[in-house]
Amino acid sequence: MIGLCGSLLWPSAFTRADQWFDYYGKIPWEEERLRLDGFAMFLKRNPDMIGYMAFYVGESDSESEIKQHVIQAKDHIVCGRLKIDKERIVIVNAGKRAETKFVLQPVLKTLPPPDF
């Protein structure tokens with residue numbers, strides 16, 4: 001697999017919390033769409049992987065609003081131009097944090113889900 005700047009990445013490289021595929025807070029939708037498109041492209045090129053979309057709810061945010069946002073993000077991946085099979089995208093409520101955060105993490109289908 002090719003990572004950012006053409007470096008070679010192996011699926012086992014995505015195993016620790018400091019090595020997430022992508023991790024971000026509340027950002028403008030246009031910027032998030034670019035990140036989601038990159039995630040979708042990676043999954044398209046790696047059909048043997050499942051895409052996990054985890055979210056942490058910030059202290060000042062509503063869990064239902066954040067979950068709805070992640071569902072919208074999943075819809076973008078599933079219904080967007082790359083059309084990733086909805087069964088390959090798993091949403092995970094990872095708990096609470098001081099600030100809302102989102103994690104995009106591909107994992108081989110043969111491996112257990114990551115610990116968020």
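## Basis of the description

Helices (H or I, at least four residues) and strands (E, at least two) are taken here as DSSP runs, numbered from the N terminus. The model is a predicted one, in which local features need pLDDT of at least 70 and side-chain atom pairs count only at pLDDT 80 or more, while totals for chains, interfaces and linings use all residues. Residues are numbered from 1 along each chain as its sequence is written, and side-chain values use heavy atoms, with hydrogens and water left out.

## Parallel strands and their crossover

Strand E2 (residues 49-58) runs parallel to strand E3 (residues 89-97), and the two are joined by eight bridges, where pairing requires that DSSP finds at least two bridges between the strands. Within this pair, Tyr56 stands opposite Gly95 in E3. Between E2 and E3 the chain passes through helix H2 (residues 63-79), in a β-α-β crossover that is right-handed; that is, with the strands pointing away from the viewer, the path from the first strand over the helix to the second runs clockwise.

Gln105 belongs to strand E4 (residues 101-108). With a relative accessible area of 0%, Gln105 is buried, a class that covers values under 20%, whereas exposed stands for over 50% and partly exposed for what lies in between (1.4 Å probe, protein chains only). A polar atom of the Gln105 side chain lies 3.0 Å from the backbone nitrogen of Phe21.

## Salt bridges

The whole structure contains three salt bridges, each defined by a side-chain nitrogen of Lys or Arg within 4 Å of a carboxyl oxygen of Asp or Glu. In one of them the side chains of Asp22 and Arg35 meet at 2.6 Å, N to O; because Asp22 lies in strand E1 (residues 22-24) and Arg35 in helix H1 (residues 29-45), this pair ties together parts that are 13 residues apart in sequence. Asp22 is buried at 14% relative accessible area, whereas Arg35 is partly exposed at 26%. Arg35 also forms a salt bridge with Glu31, with the closest N and O atoms 3.6 Å apart. Glu31 and Arg35 both lie in helix H1, four residues apart, or about one turn of the helix, and Glu31 is partly exposed at 36%.

Lys26 is exposed, with a relative accessible area of 56%, while Asp61 is partly exposed at 21%.

Two cavities of 30 Å³ or more are present in the structure, a cavity being a set of points, on a 1 Å grid over the protein atoms alone, where a 1.4 Å probe fits but cannot get out. The largest cavity has a volume of about 50 Å³, counted as the space filled by probe spheres set on the points, which are joined across faces, edges and corners.

Residues that line the largest cavity include Tyr24, Glu32, Met53, Ala54, His69, Val70, Phe102 and Leu104, where lining means having an atom within 4 Å of a point. E2, H2 and E4 each supply at least two residues of this lining.

Terms used. A polar contact is a pair of N or O atoms within 3.5 Å; within protein, one must be able to donate a hydrogen and the other to accept it, and residues adjacent in sequence count only if both atoms are side-chain atoms. On a 1 Å grid over the protein atoms alone, a cavity is a set of points where a 1.4 Å probe fits but cannot get out, and a pocket is an open set with protein on both sides within 12 Å along at least five of seven lines; lining residues have an atom within 4 Å of a point.
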